[in-house]
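I opened my notebook today to look at aromatic rings and what surrounds them.

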Amino acid sequence: MWPDRRIIDLFKTEFPIVLAPMAGIMDADLVIAAAQGGALGSLPCAMITAEKAREQVNIIRQRVSAPVNMNFFCHTAVDADPAREAGWKARLGAYYKELGLDPAAPFAAANRAPFGEAMCAVVEELKPEVVSFHFGLPDAALVRRVKAAGSIVMSSATIVKEAVWLEQNGADVIIAQGAEAGGHRGMFLTDNIAQQPGTFALVPQVVDAVKVPVIAAGGIADGRGIAAAFALGAAGVQIGSAYLRCPESKVSAAGRVALGEASDDATFITNVMTGRPARGVPNRVMREVGPISPDAPAFPHAATALGPLKAAAEKLGKVDFTNLWAGQALRMGREMPAAELTRSLAGAALARLSALGG
């Protein structure tokens, strides 16, 4: 038996496991598979249109009768700075030349919009069981509308102060995101990545500071990690990197090779790919320009000039400019169907918890 059933009872899932929303490398297929295995499937909506989000949720609901989590970014939008964009493009100029690209050619802006009116209307229409946010919470009026639609609201905290703020501003569940976690840091009341605590230190302090259930995230990829999270007071876990090599993920063939070859010390935090700190497997541009570069435009505009480079390199089977977000437990991931992986994780965790209890 799980020592804390609050997340299971709240989400109405078989297991207290949340599939992390991983924008850009997953869609409904991975959500469905994880849900079939007993987890809460999360659909990343930060890089898709309202129409695409609607389509994806409908596909999920046609395939599985399980709760769904729609995930959004809620950063404060910043206009592109032409001078900084030009400087960034110049910094990347050698790569454009190498790949035979024209840096003066027009290209699409980065597609990472904060949660707003259009997506809120989709939430009100679809009424997902859970809506999660990254980078804090949106405007209070939008949060009220999401709650009025019947959705449970959760968001990520990287320090205790953020967790307290989230609870005070309407979060029903808090994801304690340790420094080990892959992807963008969920930080919104701090920008100091050097001081971010790890999962083992963060989770119990957040649990002590808030009354709502806490989900542990970062460095959790097997039954031992799940059991440890519960020992620290978490009511559930969020797992992402362990699912990256599942057949249902949309990681490219070259990306899968890079992930498969990664070691325990393979990931680092960079701002080069989007302009905001995120943990991933280093690629060529992250190594040569970063990992942290003062030249990178503000989020998400750093990604704009990288778009053509990414597309051109991927056509050559390279991930030199592809962001492969992943956490420090990446090496523990397995190549197996997501439903099977979910059941395996839950079974191993229960066995470990039982052994510890004995």
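A charge sits over a ring if NZ of Lys or CZ of Arg is within 6 Å of the ring centre and within 35 degrees of the ring normal. I kept in mind that this is a predicted model.

I looked up Arg-276 and found its charged end over the ring of Phe-135, 3.8 Å from the centre. Arg-276 also lies over the face of Phe-299, at 5.9 Å from that ring's centre.

Entry two, the rings themselves. I found that Phe-135 and Phe-299 pair edge-to-face, with 5.7 Å centre to centre and 70 degrees between the planes. Phe-135 is in the loop between β4 and α7, Phe-299 is in the loop between α12 and α13, and they are 164 residues apart. Are they buried or exposed? Phe-135 counts as buried because its relative accessibility is 5%, under the 20% cut-off. Phe-299 is buried too, at 6%.

My search of the whole structure gave 9 aromatic pairs. One of them joins Phe-115 and Phe-133 edge-to-face, at 5.1 Å centre to centre and 75 degrees between the planes.

Which residues have the most contacts inside the largest core? I noted Ile-17, Ile-226 and Tyr-243, in a core of 88 residues. Helix α2 supplies the largest share of this core, 7 residues. Apart from it I found another core of 18 residues, with Leu-92 and Phe-321 among them.

Terms used
Residues are numbered from 1 along each chain as its sequence is written. This is a predicted model: local features need pLDDT of at least 70, side-chain atom pairs count only at pLDDT 80 or more; totals for chains, interfaces and linings use all residues. Side-chain values use heavy atoms; hydrogens and water are left out. A nonpolar core is a set of buried Ala, Val, Leu, Ile, Met, Phe, Trp, Tyr and Cys residues joined through side-chain atoms within 4.5 Å. Buried means under 20% relative accessible area, exposed over 50%, partly exposed in between (1.4 Å probe, protein chains only). Helices (H or I, at least four residues) and strands (E, at least two) are DSSP runs, numbered from the N terminus. Rings of Phe, Tyr and Trp (its six-membered ring) pair if their centres lie within 6.5 Å; planes under 30 degrees apart count as stacked, over 60 as edge-to-face and the rest as tilted.
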